[in-house]
Amino acid sequence: MTNPRVVLVNDTDVDGHHFGCERVMSVIRSNLQARGITPAGSVQVALNWRDNHADLIGSADILVINGEGTLHHGSRKGRWLLEAAQSVKARGGKTALINALWQDNPDDWTNLVKDIDILACRDSRSADLLTTSTGRKVRLMGDLSMAGEMLGTTAPRSGIVFGDSVHANVTKLLASKAAAQPDAVLVPVTSSLKFISPSLHGLRRTARRIYAKHRQNQFLAQNPSAKFVSTQAEYVGLIAQKALSVTGRFHAVCLAIATQTPFVAISSNSWKIEALLDDIGLNPERIVPQESLTDCDLSPENWAFSAQESINIETQLNRWQQDFKTLFDDIADLTKVK
């Protein structure tokens with residue numbers, strides 16, 4: 001193709017709110033740029049492309065969909081992504097679905113996904129499901145937040161960092177545990193407490209910002225051990241200094257693994273954390289049921305990585321780096337098809 005227009009869909013980096021999502025999108029953009037591809041534009045997470053971006057999708061020669069945690073339980077936002085791919089394919093364009101979770105989706109989604117040119121999942125459960133339903137070999141590699149060099153440090157570690165969850169009641173529980181630990185700090189994997197959806201505009205957006213600021217001030221007043229950091233680098237640097245991370249967020253687990261920080265996790269809104277531990281070969285007891293967290297002994301010495309876990313992390317992350325490279329090489333090759 002001559003100067004093909006590449007468009008990204010499900011751009012999850014909204015105002016740098018979520019450090020894991022920010023890292024994923026940075027990896028996507030930097031890898032495309034390294035191959036001479038500058039996206040013509042993107043459709044942010046939670047937006048129906050038909051409302052404001054129909055012309056952008058209509059102009060795409062190649063559509064790159066960041067699946068992340070959107071394609072599960074038949075969500076309407078997930079369907080929007082697949083219908084965008086179908087629209088591009090109908091015009092003779094090329095499509096890639098990458099970094100995808102795939103869980104408990106309707107049978108008719110198979111027809112929406114089966115003709116996508118590149119299919120890549122971030123966990124083996126999702127890849128196996130898509131392989132079975134489409135009859136195609138689906139690529140498997142870890143979440144793109146773990147792409148690049150390992151982020152760990154050899155400096156001494158100390159203290160515990162507690163995180164947050166997509167579930168408010170789990171965040172509240174994590175905050176109470178942090179308050180009970182003298183060497184603990186509560187640091188969410190987000191730059192602010194509430195997400196401001198890009199679908200909100202005008203007075204609704206202003207009202208949401210005011211409400212979010214009020215709730216964050218309340219949260220900080222109620223939780224003296226809590227703080228918010230403003231950048232991904234600050235968050236990663238903090239995690240890398242700690243002896244233990246306790247979180248209910250998938251990307252906080254990914255960044256703990258990338259920084260070689262021992263962790264304890266509480267399940268999220270899909271199997272994504274469980275699948276990640278399975279794929280790397282980490283002790284499943286690192287996932288603690290919400291109801292057991294109150295009485296759980298979170299002494300860092302109890303949760304240090306075993307020698308085998310450390311080997312498994314290094315082995316799998318190194319393997320995935322080559323898979324990530326091959327994935328973006330193949331996306332670049334789509335631009336060369338006439």
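Mentor: Contact here means heavy atoms within 4.5 Å. Keep in mind that this is a predicted model: local features need pLDDT of at least 70, side-chain atom pairs count only at pLDDT 80 or more, and totals for chains, interfaces and linings use all residues. Residues are numbered from 1 along each chain as its sequence is written, and side-chain values use heavy atoms, with hydrogens and water left out.

Trainee: Which residues does His 251 touch?
Mentor: Set aside anything up to four places away in sequence. What remains is His 18, Gly 20, Cys 21, Val 24, Glu 68, Arg 122, Asp 143 and Ser 145.

Trainee: Which side chain has a polar contact of 3.0 Å with His 251?
Mentor: A polar contact is a pair of N or O atoms within 3.5 Å; within protein, one must be able to donate a hydrogen and the other to accept it, and residues adjacent in sequence count only if both atoms are side-chain atoms. For the His 251 side chain, the partner at 3.0 Å is Asp 143.

Trainee: Is His 251 buried or exposed?
Mentor: Buried means under 20% relative accessible area, exposed over 50%, partly exposed in between (1.4 Å probe, protein chains only). His 251 has a relative accessible area of 5%, so the residue is buried.

Trainee: How many residues of helix α10 are buried?
Mentor: Helices are DSSP runs (H or I, at least four residues), numbered from the N terminus. α10 spans residues 250-258 and is mostly covered. Among its buried residues are Phe 250, His 251 and Ala 258.

How values were computed:
Helices (H or I, at least four residues) and strands (E, at least two) are DSSP runs, numbered from the N terminus.
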